[in-house]
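Student: Please show me the structure. Then let us work through some questions on it.

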Amino acid sequence: MDSKNKISISFRNEHQQETKNEVVRTQKEQAAAVEEDKEDERPATRVYHIPFKKKRFSQTPVRPLITTALTALFVSLGLGFLLLRMFVSLTDSSTTGSEAVPASGEANPNTEVVTSQEEAVSDLPSGPTQTFEAYIVQAGAFSTEGKANEWQSKLTALLVPSMVWQRDGQYFLFVGSASNKQEADQIAGRLAGKSIDTYVKPFVVTIDKEIPTELTTAIETHEMTGLSENERKKLMDEVGENTLLGQALKEWESQDDTNINWLKVAQSLE
């Protein structure tokens, strides 16, 4: 037999082979357990959840429209009520009237004629009917005497003389008078400087009583400034303080640049 070709025969025990396999398997399991321990030792990664808001879509888009419509309705009703109150107040207190004012001082069918509404308290005897034309400066026309007196008090607080004249169920608040329209416009202009709105119009007073001699010229010329203090007091004593003329003479304006005294005397003699 050739010495180069050696034949080796090994006899191994099967039990030893299985033991070796178990040892190898045990080593692998231990190695795997070590790897798992290493993975457990690694720091855990924190996971943060970002909050997400879901958009809410209105399921009833008609509701905002109804709310807006109701709000607009209530606002419009409130404004309408306020405007109505203002309109009624202005109608009652403003200087109303659209009647034409003639350029001359002559009377015409549209000129107001004032006649007596109540029996005079005066003992003046009846006389021939006379008419006196003038232009008056009106600050307001009212349906009640209380409202007219209320506005008269406001004018008094502004140191503006005035008087209330009742005619045909209305109460007119006069703040001046003149024998012609030009002078009446001048009075209205001075009052406009005090933020007082006025209205100039022709005016006719009808008197059917005997006019005292001391007042005849003053009534005709529309000038009461010529009546002296002594003449006024003497006339007041003659007619009596409780008469309409006596009350007009008693409530005399010492500084009368708007001819209110003429209106007071004319009213007492109507």
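Tutor: Start with Phe203: its relative accessible area is 2%, and that makes it buried. Buried means under 20% relative accessible area, exposed over 50%, and partly exposed in between (1.4 Å probe, protein chains only). This is a predicted model: local features need pLDDT of at least 70, side-chain atom pairs count only at pLDDT 80 or more, and totals for chains, interfaces and linings use all residues. Residues are numbered from 1 along each chain as its sequence is written, and side-chain values use heavy atoms, with hydrogens and water left out.

Student: How many aromatic pairs does a search of the whole structure find?

Tutor: Rings of Phe, Tyr and Trp (its six-membered ring) pair if their centres lie within 6.5 Å. Searching the whole structure gives this number of aromatic pairs: 5.

Student: Are the rings of Trp165 and Phe203 stacked or edge-to-face?

Tutor: Planes under 30 degrees apart count as stacked, over 60 as edge-to-face and the rest as tilted. The centres of these two rings, Trp165 and Phe203, are 5.2 Å apart, and their planes lie at 85°, so the pair is edge-to-face.

Student: How many residues apart in sequence are the parts that this pair ties together?

Tutor: Strands (E, at least two residues) are DSSP runs, numbered from the N terminus. Trp165 lies in strand S3 and Phe203 in strand S5 (residues 199-209), so the separation in sequence of the parts they tie together is 38 residues.

Student: Is Trp165 buried or exposed?

Tutor: Look at its relative accessible area, which is 1%. That value makes Trp165 buried.

Methods:
Helix = DSSP H or I, 4+ residues; strand = E, 2+ residues; numbered from the N terminus.
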